Amino acid sequence: MILFFFLIIFCFSITEAHHKIYSPIVEEGRQSLEWRGHFDVDDRVEVNKAHHHVLETEYSWTSFWQSELEFHISDKEDTPLDWEKTEFQNQIQIADFKNFAGALYFSYNFVSEGNEGDEIEYKYLNQFYNDDFGIISNFIFEKQVGKNASGSTTFDLSNYIYAKNLIFNMLDFGIIGFSDFGEISNFNVFGEQEHQYGFQIESSFELNDIEYEWAVGYLHGLTDASANHTIIWNFETEF
């Protein structure tokens, strides 16, 4: 089954930013494989049909500590299919209440594309939820490091507001959005910031004692710096 999962990845018609909302909740012993990505549709040649893929494996060591390893593959107008970076992440859950969870996240990105510096990324994750509704927010800070580093720390914000079993009593539906404000020391003017907002549906099922989760969504660009339209997806198997 795992081999089949990876065959699907590379047989798909092969998403720079990758679109994922991270939940702060850590489940001890959870192990998974994931493929997610996005495909852009835009009236600019250099953006149109660009796509980015992330292959990820995840393991939760304890009830509050989780590690992830990600491999980023991109295909843009100026490059063929390219191994963009490898990302090692650790997440520590610091709050665990009945209707609220919070976590701190750190990752180091080994960048292999071009002559850019490596990246360090810090996030604060929080989630308010009950049995029917929830909202997840990710506050993201990123900076290049190393001899090829440039620029200062950047700030991104991601939000996901969702309702469970809203469609046919089996599909979750949510409003999802990603905002890139630029460097903290000098935020871009609104038109030069990247803002994409849209919707996502998701669900899960179990087969042969293995749980499968999937999500697909659409994002609309709100500024000239954003892709006009983006299709996002996420497929995950937990074992």
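How many salt bridges does the rule give? I counted a salt bridge where a side-chain nitrogen of Lys or Arg lies within 4 Å of a carboxyl oxygen of Asp or Glu. By this rule the count comes to 13.

**Ground rules**

I am working on a predicted model, where local features need pLDDT of at least 70, side-chain atom pairs count only at pLDDT 80 or more, and totals for chains, interfaces and linings use all residues. Residues are numbered from 1 along each chain as its sequence is written, and side-chain values use heavy atoms, with hydrogens and water left out.

**Entry: overall layout**

Helices (H or I, at least four residues) and strands (E, at least two) are DSSP runs, numbered from the N terminus. Along the sequence the pattern reads α-β-β-β-β-β-β-β-β-β-β-β-β.

Next I looked up burial. Buried means under 20% relative accessible area, exposed over 50%, and partly exposed in between (1.4 Å probe, protein chains only). Of the 239 residues, 44% count as buried. The protein exposes about 12,600 Å², and carbon and sulfur atoms supply 61% of that area. The areas come from the Shrake-Rupley method with a 1.4 Å probe; for residues, only the protein chains shown count as cover.

**Entry: salt bridges**

Side chains of opposite charge can pair when their charged atoms come close. I checked individual pairs.

R30 forms a salt bridge with E238, with the closest N and O atoms 3.2 Å apart. This pair links distant parts of the chain: R30 sits in the loop between α1 (2-11) and β1 (31-41), E238 in strand β12 (residues 229-238), 208 residues apart. R30 counts as buried because its relative accessibility is 11%. E238 is buried too, at 18%.

R36 and E56 meet in a salt bridge at 2.7 Å, N to O. The pair links distant parts of the chain, with R36 in strand β1 and E56 in strand β2, 20 residues apart. Both R36 and E56 are buried.

I also looked up R44 and D42, whose side chains form a salt bridge at 2.7 Å, N to O. Is R44 buried or partly exposed? R44 is partly exposed, with a relative accessible area of 25%. D42 is buried, at 8%. Salt bridges that share partners join K20, E34, R36, E56 and E70 into one network.

**Entry: second largest pocket**

Rolling a probe the size of a water molecule over the atoms shows where empty space is left. I worked on a 1 Å grid over the protein atoms alone, with a 1.4 Å probe; a pocket is an open set of points with protein on both sides within 12 Å along at least five of seven lines, and lining residues have an atom within 4 Å of a point. Grid points are joined across faces, edges and corners, and a volume is the space filled by probe spheres set on the points.

The second largest pocket has a volume of about 1,100 Å³. It is lined by 41 residues, and the closest to its centre are S23, R30, I136, E202 and E213. R30 is also the salt-bridge partner of E238.

Which strand gives the most to this lining? β11 does, with six residues. β3, β6 (118-129), β8 (154-167), β9, β10, β11 (210-221) and β12 each supply at least two residues. By class, the lining has 15 nonpolar, 12 polar and 14 charged residues. Ala, Val, Leu, Ile, Met, Phe, Trp, Tyr, Cys and Pro count as nonpolar, Asp, Glu, Lys and Arg as charged, and the others, Gly among them, as polar.

**Entry: nonpolar surface patch**

I looked for patches among residues with over 30% relative accessible area and no salt bridge, joining like charges within 9 Å and nonpolar side chains (Val, Leu, Ile, Met, Phe, Trp, Tyr) within 5 Å. Y59, W61, F64, W65, I92, I94 and L104 form a nonpolar patch on the surface, with about 660 Å² of accessible area together. F64 lies in the loop between β2 (51-60) and β3 (65-76). F64 is partly exposed, at 41%.

**Entry: loops**

Most residues other than glycine have a negative phi. I noted two positive values. K49 has phi near 70°, and its place is the loop between β1 and β2. K49 is exposed, with a relative accessible area of 55%. F168 has phi near 55° and is found in the loop between β8 and β9. F168 is exposed, at 70%.

Last, I checked N186, in the loop between β9 (171-183) and β10 (194-207). N186 is exposed, at 56%. N186 and T154 are 32 residues apart in sequence and 9.2 Å apart in space, C-alpha to C-alpha.
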